[in-house]
Amino acid sequence: MTALVIVGHGTRSAAGVDQFAALVDRVRRRAGGSVGDVGGGFIELSRPPLTDAVTALVERGHRSLVALPLVLTAAGHGKGDIPAAMAREQARHPGLTYRYGRPLGPHPLLHTALEARIDAALAGADRADTWVALIGRGSTDPDANAEVAKVARLLWEGRGYAGVEPGFVSLAEPSVPAVLARLRRLGARRIVVAPYFLFAGVLPDRIVAQSQAFAAEHPDLDVRVADLIGDCDALADLVLERHVEALRGDIRMNCDTCAYRVLMPGFADKVGRPQTPHDHPDDPVGGHHHHHHHDGGHHRHHGPGLRPGQVAVVGGGPGPDDLITVRGKAMLDSADVVVADRLAPPGLLAGLRSGVLVIDAAKVPRGPSMAQDAINDALVDHARAGKRVVRLKGGDPYVFGRGHEEVQACAAAGVETVLVPGVSSALAAPALAGVPVTHRGVAHDLTVVSGHLPPGHPQSLVDWVALGRARGTLVLLMAVDTIAKIAAALVEHGRAPDTHVLLVQDAGHPGQRTWVSRLDEVGDLTTREDVRPPAIFVLGPVVALRG
Ligand code: SAH
């Protein structure tokens, strides 16, 4: 008799992992004797990994499996990642055969479950003046997004809601705030946000946070968030139905309008290509993880450009588009998606191939203080969708650039990264303004400091006393707002008040402005001249070398 292995993606949410495990138990109970055995595992992030689940079934004597992707829509995970993970299992267990099942939705059982979650949120309020925002995960495959739109329509039919509109929490539009704004313009007074998600996770949490933020801004609206589909009998029965279909060889996955099959505007690069899976942390074999040990988490560069599913964190240099490295430019030329910083050289973006998706990191949708998480998610999501992703940063990624946070986030999600250093403004801005940061006989040391936190700030890690006592070159970044306090502290701790200070705003750009001042006057100068970031201060005897 065949065994069933239920394959989840994995999540950072412990509750989500528990719900998955509870569902696997429920499927086992409801299957009775009709299924030989039931196991469950994840392709990444969570335990148990798929490979353990399959090994356990094999050790119990099973050689024939049904593998069911526990996903709602046919997108990258269902079409690429999970089949690839199963192919690795097959290679690991000679003689193992498996049939692959189709994704769960759309299915009437799911629509009924969603309806019940919406009803619970309504708590007796009238359906006829209730609008529903059905929020999908969002995909870089338009066909997967279209499936969410289809489910929204099916959910509307015959259920008496004022209307149901689709929205997406990641990668696709309209976003949660955008769909709520749309419904408000349509005259909605009461909205139920219904996440089209199985289990708890980072993204469902984000739906709640974004809905609450929108509700707080619009007190005239009654916004409620419905529960997730969750572990329930309907879901277990749907899994068993998909299991029976797979046994029959019936895997009608919706691929009719898939971007890999049908030419769609803006997606020409996908047609005819395989859906490219990426490597998974549950995979003990393969060269990638070998590198992790030797290389501290990211990969050596093997040739020009990126492979699908990789993220390059690239230093773009200080501004002019020809101060990027040759390697950084090769990465950009191979990119499908570029996530660009505010300080990334704008000329480089203008020069990209047509069809490259450019995401402005300053505009990534987010709640307060979630900026970096949203950027990390965008990198991981696009890489997992098989894109070549470049994270383009100003200057050098590791000089006050949060580059390593992004590398760590990708590593945690099993996404490969390549780090391409860049020309930091800390060195380039003085040089472009005619000041060498070191010079024989003048300055033999160079210190680069973030001025973001002023002297005395409880979180400051900078030894301002030592910097006041030092004699060499001091370069200050992010110090426009704090320079007066910094200058006062440096003088207090020993720097001469007439120490030369170079100030460079917009170094390398056509509008570059430069001034030379004294340490005890630079604060006033900065205010008087209305200096704006990005700007750099350079202190020390080298400044006098400027011709
Ligand atoms: N990773 C970047 C620094 C990011 S911190 C790098 O290596 O260059 C941001 C700060 O960098 C700005 O506040 C400013 O102090 C400095 N900066 C970046 N680009 C600059 C430019 N073109 N001109 C002057 N300062 C710049």
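A salt bridge is defined here as a side-chain nitrogen of Lys or Arg within 4 Å of a carboxyl oxygen of Asp or Glu. The structure is a predicted model, in which local features need pLDDT of at least 70 and side-chain atom pairs count only at pLDDT 80 or more, while totals for chains, interfaces and linings use all residues. Residues are numbered from 1 along each chain as its sequence is written, and side-chain values use heavy atoms, with hydrogens and water left out.

The pLDDT (the predictor's confidence in each residue, from 0 to 100) averages 90 over the protein chain, and 93% of the residues score at least 70. Over residues 277-302 the pLDDT is below 50; this stretch has 55 contacts (heavy atoms within 4.5 Å) beyond near neighbours in sequence in the model.

In the whole structure, 35 salt bridges were found. Arg-190 and Asp-222 are joined through their side chains in a salt bridge, with an N to O distance of 3.5 Å. Because Arg-190 lies in strand β7 (residues 190-195) and Asp-222 in strand β8 (residues 222-225), the pair ties together parts that are 32 residues apart in sequence. Helices (H or I, at least four residues) and strands (E, at least two) are DSSP runs, numbered from the N terminus.

Helix α12 (residues 371-384) packs with helix α13 (residues 403-412) at an angle of about 50°, the axes being 10 Å apart. Axes are lines fitted to C-alpha atoms, for helices over the stretch in contact, and angles run from 0 to 180 degrees between N-to-C directions. The contact involves Gln-372, Ile-375, Asn-376, Leu-379 and Val-380 of α12, together with Glu-405, Glu-406, Ala-409 and Cys-410 of α13.
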